[in-house]
Amino acid sequence: MSYVSEVADLQIAKYTNIGSLAILVFDYCITFQDEVHWTWFRRWDLIRVIFTISRYLPFVGSGMTAYAALRVSGPCPPSLAENIIHILCIIAAEGLLVIRTWAFWKKSKKLLIGLLTYSMATVIGAVAMNVLPNHQLVSTDVSMIPGSCGFESSRNAALVYAILALFECVILVLTAYKWFYDYRDSEFQSSIVTAVYGGSMLYMLCIIAITVTNVIIDAALPVGFTNMFDTLQLVIHSVLASRILFHLRSSDGRAHDTDMPLLVSAAHFRGPSQMQTNEIQSGTSEV
């Protein structure tokens with residue numbers, strides 16, 4: 001790798017991070033009305049606290065990354081603080097997904113204990129990989145750019161994203177299993193069921209896609225690209241976790257507004273029982 005090519009790679013990575021921040025701001029503007037409608041006038045509980053963190057803390061993390069990308073001279077940006085904020089953003093977004101999955105599984109205590117234990121193991125593993133920059137577990141190229149403030153990350157980040165991707169795949173499988181298990185013998189496919197399960201799974205696939213992309217970039221691409229989707233990782237998690245929450249609460253509202261049509265559909269198409277329909281509404285109400 002030459003010095004010139006690495007500089008060009010870094011410029012692409014920096015522009016991508018700035019563009020990702022613009023996406024975050026744009027999405028906030030177009031979903032602000034949904035946030036006001038579905039969260040502002042509800043009581044402050046655990047879900048709202050986690051939502052607020054996942055919604056607003058990425059602005060701080062993305063702003064710090066943008067500053068590091070645009071820095072020309074002066075002291076090095078606080079990379080440790082930036083990493084901590086990035087981790088908190090991801091934890092908050094994943095926390096919403098865990099609560100949603102727990103609600104889908106009828107608030108199973110066993111599932112909750114399992115998910116919390118696995119979540120803690122995931123966080124500990126990711127942090128351990130992140131704080132060992134001098135112990136490269138993945139083969140790495142040597143940067144050609146002098147100085148200690150380069151806009152590059154350790155190759156260990158590939159393992160961090162791999163751990164995260166595995167956790168997200170578990171959440172996806174749990175959601176898919178619940179959907180197909182509850183409706184495998186039923187022709188009942190209302191818009192509410194599609195929104196609650198299908199919409200959430202689509203968003204989860206998008207989250208997994210960006211995480212896997214970061215695994216590939218950090219493990220295989222030239223070192224100048226290692227931070228290319230750093231901000232986009234935060235943005236996708238924040239944007240889609242928020243949209244999942246808005247979608248579920250919107251579906252819950254439609255379910256309570258259309259109780260009679262749901263009962264008629266279930267009667268005509270051998271759909272789920274009223275108990276199952278109530279479970280869907282209960283699951284969406286939790287989030």
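Helices here are DSSP runs of H or I with at least four residues, strands are DSSP runs of E with at least two, and both are numbered from the N terminus. By that definition the chain has nine helices and zero strands, and from the N terminus on its elements run α-α-α-α-α-α-α-α-α.

Before I go further, please keep in mind that this is a predicted model, in which local features need pLDDT of at least 70 and side-chain atom pairs count only at pLDDT 80 or more, while totals for chains, interfaces and linings use all residues. Residues are numbered from 1 along each chain as its sequence is written, and side-chain values use heavy atoms, with hydrogens and water left out.

Let me begin with the chain as a whole. The accessible surface, from the Shrake-Rupley method with a 1.4 Å probe and, for residues, only the protein chains shown as cover, comes to about 14,200 Å², of which 70% belongs to carbon and sulfur atoms. If we take contact to mean heavy atoms within 4.5 Å, then among contacts between residues at least 6 apart in sequence, 79% join residues at least 24 apart.

Now to the charged side chains. Side chains of opposite charge can pair when their charged atoms come close. The rule for a salt bridge is a side-chain nitrogen of Lys or Arg within 4 Å of a carboxyl oxygen of Asp or Glu, and the count by this rule comes to three. Which residues are linked in a network of salt bridges? They are Asp27, Glu35, Arg55 and Arg243, and I will take the pairs in turn.

Asp27 and Arg55 meet at 4.0 Å, N to O, and this pair links distant parts of the chain, with Asp27 in helix H1 and Arg55 in helix H2, 28 residues apart. Asp27 counts as buried, at 6% relative accessibility, and Arg55 is buried too, with a relative accessible area of 3%. Asp27 also forms a salt bridge with Arg243, where the closest N and O atoms are 2.5 Å apart. Because Arg243 lies in helix H7 and Asp27 in helix H1, that pair ties together parts that are 216 residues apart in sequence. Arg243 itself is partly exposed, with a relative accessible area of 24%. Finally, the side chains of Arg55 and Glu35 meet at 2.9 Å, N to O, and since Arg55 lies in helix H2 and Glu35 in helix H1, they tie together parts that are 20 residues apart in sequence. Glu35, like Arg55, is buried.

The aromatic rings come next. Rings of Phe, Tyr and Trp (its six-membered ring) pair if their centres lie within 6.5 Å, and planes under 30 degrees apart count as stacked, over 60 as edge-to-face and the rest as tilted. The count by this rule comes to eight aromatic pairs. In one of them, the rings of Tyr28 and Phe59 have their centres 5.5 Å apart and their planes at 85°, so the pair is edge-to-face. Tyr28 lies in helix H1 (residues 3–40) and Phe59 in helix H2 (residues 46–70), so here parts 31 residues apart in sequence are tied together. Phe59 counts as partly exposed, at 25% relative accessibility.

What is the arrangement of the rings of Phe51 and Phe246? Their centres are 5.7 Å apart and their planes at 65°, so this pair, too, is edge-to-face. Phe51 lies in helix H2 and Phe246 in helix H7 (residues 230–257), so the pair ties together parts that are 195 residues apart in sequence. Both Phe51 and Phe246 are buried. Ring pairs also link Tyr28, Phe32, Trp40, Tyr56 and Phe59 into a cluster.

Met201 lies in helix H6 (residues 191–220) and is buried, with a relative accessible area of 13%. Not counting residues up to four places away in sequence, Met201 touches Leu172, Thr175, Ala176 and Trp179. The C-alpha atoms of Met201 and Ile244, which are 43 residues apart along the chain, are separated by 9.4 Å.

Technical notes: Buried means under 20% relative accessible area, exposed over 50%, partly exposed in between (1.4 Å probe, protein chains only).
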